[in-house]
Amino acid sequence: MKASVTHPATRRVILVSFDGLRPDLINATATPHLHRLQRQGVTLGRNVTVYPSETRAAMPSLVTGASPGRHGMVGNQYLDRAAVPSRYVDTADDQLVETLDTLSGGRLMGVPSLGEVLAAQGKTLAVLASNSAGTTRLFNHKARTLGHPTISGHFARLATSRSLLEALNARIGPPPAPPPAGTPDLAAQSYLTAALLDIVWPQLRPDVTILSFGEPDSSSHYCGTAEVRTLEALAWADQQFGRVLDWWEAEGRRQDVHIIAVSDHGHVSVHAQADVHQVLRDAGFRCDSASGQDVDAIVVPGQVGAIYLADPSELKILRAVAAMTKAPWCGPIFTAGRNDIEGIAPGSFARQLVMADHARSSDILFSYRADSEVDPFGLIGRTWSNDAPIGLGVHGGLHHKEMAAVGILAGTAFRSGSLSEVPSGICDIAPTILHLLGIVAPSQMDGRVLNETFATLPRAAPASVVETVYEAGSSTYHQVLRRIQVGAAAYIEGGFAENAA
Ligand SMILES: [Zn+2]
């Protein structure tokens, strides 16, 4: 049989993202509308994000189809040693993201992003997002120069079209202010949903639209993984998604619109407090959370374990890693590669094994130690943290519940009511969207087209799936990493560390 695939020019894609949503929180009562989408589409049963499992590393992977080692957004914050003097970058700052891209001649990311690839084909990427300002910008960081619409659910300054913002102001009002910490962020989700259904879709009909809800991530960080307010925020976002789904079932599906629902990582609960600074101080390093004259080691704040040394010599890296791997909070740990698997520090893995090797990568990249005990809300997954209080939700590390990400694809091109057990990842979404639109993905994309989800393709022979378990350690420390290869695409399912027996 000859494979015949049509890519009608009328085909459109709406990608809906739920920040920080664990796939195991989706069910008929908590999220009836995501559940409804599952019945009409394909659910990716073994879908993962990239490492580190931080939003502003993962969302760039969503739109570039590339791992952090390739796109260079190696964490929410990083040290750029290519700048003179070195520059500590926090990508939460949307204006800094745009400035750095301009200063670098458009090369903030090392690979083309979905907005650029679509623009080259005369197509448009619209972004409506209630995430942080930086995340919102990173969905299409060149939107201003490409002339693509971006609307933030909170910050008017992010709008890349004054006229669109004015139309929204006139029709549905200004974007609502972010609520106080710990209060579910509801208004922004309904604002963006109205913006999509009332203005952006009917007036602009973008080829690809990203509708990104900043919940349940924000509530989980302030209240806990499945605390009542987090579940309220999730239910609200799901209800807004239901409005999109109602429209899609009534009209969108017939108009060849495809809906893809994703999340960028999961969440686990903090159960114990680490003191990374103390361990490094005891090993002779003067630490701070930012660069400075008297700082030997910058410990990047947040759940990503990233340490930049003022003197990144092998001797210093070995000394720090030796001290860290004796600490009870130390999970999997990575350094520059001695080869493709082993890091230069004994007991560490090579950064490239987790696709996180880049000039901006920290000298020592680590996860906090996590386990699969049940948290106070009945969910599997607990971790240590250097910053977040006990009981709250976090992500950034390698626990399989942090790495697990939502992926549901629906529309005439996809199978319906089906579950895919083929491993997949966030880097596969962009190439799959491009394939839907009849565009060949750029070679820099690490992800693959999710052929197994298509109803319109004859069942091809499944790509080879190779699962490898890597182990490393010392007399006191043992770490394990699960990596899966599907064809040329690689996924990190998770990793953990424990005291050596
Ligand atoms: Zn996130």
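Glu-498 belongs to strand E25, which covers residues 489-499 (strands, E, are DSSP runs of at least two residues, numbered from the N terminus). The model is a predicted one, in which local features need pLDDT of at least 70 and side-chain atom pairs count only at pLDDT 80 or more, while totals for chains, interfaces and linings use all residues. Residues are numbered from 1 along each chain as its sequence is written, and side-chain values use heavy atoms, with hydrogens and water left out.

With a relative accessible area of 34%, Glu-498 is partly exposed (buried is under 20%, exposed over 50%, and partly exposed in between, with a 1.4 Å probe and protein chains only). Leaving aside residues up to four places away in sequence, Glu-498 touches Arg-369, Thr-476, Tyr-477 and His-478, where contact means heavy atoms within 4.5 Å. The side chains of Glu-498 and His-478 are also joined by a polar contact of 2.8 Å (a pair of N or O atoms within 3.5 Å, one able to donate a hydrogen and the other to accept it within protein, and with residues adjacent in sequence counted only if both atoms are side-chain atoms).

## The zinc site

Asp-19 (OD), Thr-55 (OG1), Asp-264 (OD) and His-265 (NE2) coordinate the zinc ion at 2.0 to 2.1 Å, and along the chain these donors follow the spacing D-x35-T-x208-D-H. Donors are N, O and S atoms within 2.8 Å of the metal (3.2 Å for Na, K and Ca), and sites may look incomplete because water is not among the atoms.

Asp-264 is buried, with a relative accessible area of 0%, and His-265 is buried with a value of 0%.

Key: Helices (H or I, at least four residues) and strands (E, at least two) are DSSP runs, numbered from the N terminus.
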